[in-house]
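Open the model in your viewer and keep the selection panel at hand. The tour below goes from one selection to the next and says what is there.

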Amino acid sequence: MLRIRNVVAGYGNLTVIRRASLHVKTGEIVTIIGGNGAGKTTLLGTIAGINQSREGEIFFDNHDITKLSSDKITSRGLSLVPEGRQVFSSMTVLENLEMGAFIRYRKGEKDEIISDIEKMYRLFPILESRKHQQAGTLSGGEQQMLAIARALMGRPKLLMLDEPSLGLAPIIVQQIFSIIKELRSFGNTILLVEQNAKAALNIADRGYVMETGHILLEGTSKELLENKDVQRAYLGKEYRRINE
Amino acid sequence: MSFENVIQYFIAGITTGSIYAIVAIGFNIIYNTTGIINFAQGEFLMLGGMISITLVQFVPLPFAICAAVLITAGAGYLLERTFIRGIKNPTPLRMIIITIGLSILIREAALHIWDEKVRSLPYFTGNEITSIAIFGAHFSPQVLWVLGTSALIVVFLNFFFSYTTTGKSMRACASNRIAAALCGIDITKMVSLSFVLSAAIGALAGCVISPITQTQYDCGTSLAIKGFTAAIFGGMGSSTGAIAGGLIIGIIEAASISIIPLAYKDAITLTVLLGILIFRPGGLFANGDASSKVDRP
Ligand SMILES: Nc1ncnc2c1ncn2[C@@H]1O[C@H](COP(=O)(O)OP(=O)(O)OP(=O)(O)O)[C@@H](O)[C@H]1O
Ligand SMILES: [Mg+2]
């Protein structure tokens, strides 16, 4: 469904992504793990068209989207929930959800949109009780849920999530991960970037390890969970073993 | 001062004030979607006035006004398309210089197309000497046209921004550009639209005010300064603030005429502007959001 090859990207003179390649198949949950500053956010931004790649190619649904702007990419069914709860803070929760369905208003899907909003309220009940509140006044966790719900309103074929658990209480993190799992059972395809490598690998089918702009490793979640380097660097196994 | 006088000044104040409010709202529409303060906003009023004055010699007044609004809206689109869109690195200072340059360009073009003569549209109802009495003070019915049109513009914009998908997506752009693009909203289109909308409401305001204040190739400058002051007064970006700011400045200006010579009328607005910039840069009704926006550039 998504295939990127030898992508090079960065900011100004700074090269952040160095020849990264990866793919996501329909119905999969794929995760990218890596330390701070590895380039995960930049990579997702490049796929979504927020940053332009300098080299390489990005194919989505067999179409070349390398040079498309982000609104065109979203219209093709590839949605990004960006890092750090980018909600429309001066608009209400309901309006945020409506904006998520922006591309569908053009197609005249008004009734489906209304029923999808109800669906989002079932998925995230807190949003319903806050529907007329300004999004900027929601708590961090609520904003993150809204950002995810807003992206889902566009009925993306592929949903990319950039650290959905960042700065959230463990209970909310659990909730968000169970929602991600639920989304897959609805047939969604997901590309997930996470600091919380263990939780991410536990729900993902496959994973990529990224450091300093390179993809170092790739494999099924099981392989990565059992990999010694991954355990040492991202899962904190070493620490536990010393204690044992 | 007699009661009639107070009413007289008050109504004169809210009449010009409502026009300042519309100019301020024009500033805000563009500012909110792009972060640009468009100093050519006053020229949209001048163009609306001038074009309708020319057309009214050939077609009935309502058609002349509609055509003037459409043509000015088209000019707003072309302006953005030609001079704004291509700017690679739109820093606030650079954009201010460009829009000031554009305002000079439009003014000079208008001087060439028309001339330096002062013109005006005919009164919409009656003529110069028709008057209606409100609480003993006498007014031209045009005052009602101005107030009614301004109110209509405000109601229309309110509806547009609160209830239509396009209006909401413009607000989404204003709130968070990247997130808006990620929702599939075409930012370039929204920027174009903000210029078209600002130009259109500016042109309409320029038409209704023409019989009262008259129109000349350079009348946009002072309107832009008044409107800008109103926008700053109410807090850049806030439309309620723009309306309040416009009306208050209109009233202050009208009242000042009774105390100091007419020639200093513009100085009053500038004094207000400086006062706000020094003491309340976020505007009279500053909330954290607007003030931080104004403080930064
Ligand atoms: N807007 C920017 N301008 C310049 N450099 C940037 C910008 N955004 C990120 N960088 C740099 O790019 C590198 C990769 O950043 P990126 O945000 O992609 O990392 P990340 O893997 O998402 O990290 P984290 O896990 O902390 O979110 C960092 O060194 C960062 O300093
Ligand atoms: Mg990141």
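Select E83(A), which counts as partly exposed at 29% relative accessibility; buried means under 20% relative accessible area, exposed over 50%, and partly exposed in between, with a 1.4 Å probe and protein chains only. This is a predicted model, in which local features need pLDDT of at least 70 and side-chain atom pairs count only at pLDDT 80 or more, while totals for chains, interfaces and linings use all residues. Residues are numbered from 1 along each chain as its sequence is written, chains are lettered from A and ligands numbered from 1 in the order in which they are written, and side-chain values use heavy atoms, with hydrogens and water left out.

The ion is coordinated by E83(A) through OE and by T41(A) through OG1, at 1.8 to 2.6 Å. Donors are N, O and S atoms within 2.8 Å of the metal (3.2 Å for Na, K and Ca), and water is not among the atoms, so sites may look incomplete. The two residues are 42 apart and link distant parts of the chain: T41(A) sits in helix α1 of chain A, and E83(A) in the loop between β6 (78-81) and α3 (93-100) of chain A. Helices (H or I, at least four residues) and strands (E, at least two) are DSSP runs, numbered from the N terminus. T41(A) is partly exposed as well, with a relative accessible area of 32%.

Now colour α1(A) by accessibility. Eight of its nine residues are buried, among them K40(A), T42(A) and L43(A). G49(A) follows the helix and has a positive phi, near 85 degrees.

Move to chain B and select N38(B), in the loop between α1 (3-34) and α2 (41-55). N38(B) is buried, with a relative accessible area of 1%. Contact means heavy atoms within 4.5 Å; not counting residues up to four places away in sequence, N38(B) touches F27(B), I30(B), F44(B), T99(B) and F195(B).

From I30(B), go to I65(B): their C-alpha atoms are separated by 23 Å, and the residues are 35 apart along the chain. I65(B) lies in helix α3 (residues 61-84) of chain B and counts as buried at 11% relative accessibility. Leaving aside neighbours within four places in sequence, I65(B) is in contact with S52(B), L121(B), F124(B), L204(B) and C207(B).

Last, select S140(B), in the loop between β2 (137-139) and α5 (142-163) of chain B. S140(B) is buried, with a relative accessible area of 16%. A polar atom of its side chain lies 3.0 Å from the backbone nitrogen of Q142(B).

Conventions
A polar contact is a pair of N or O atoms within 3.5 Å; within protein, one must be able to donate a hydrogen and the other to accept it, and residues adjacent in sequence count only if both atoms are side-chain atoms.
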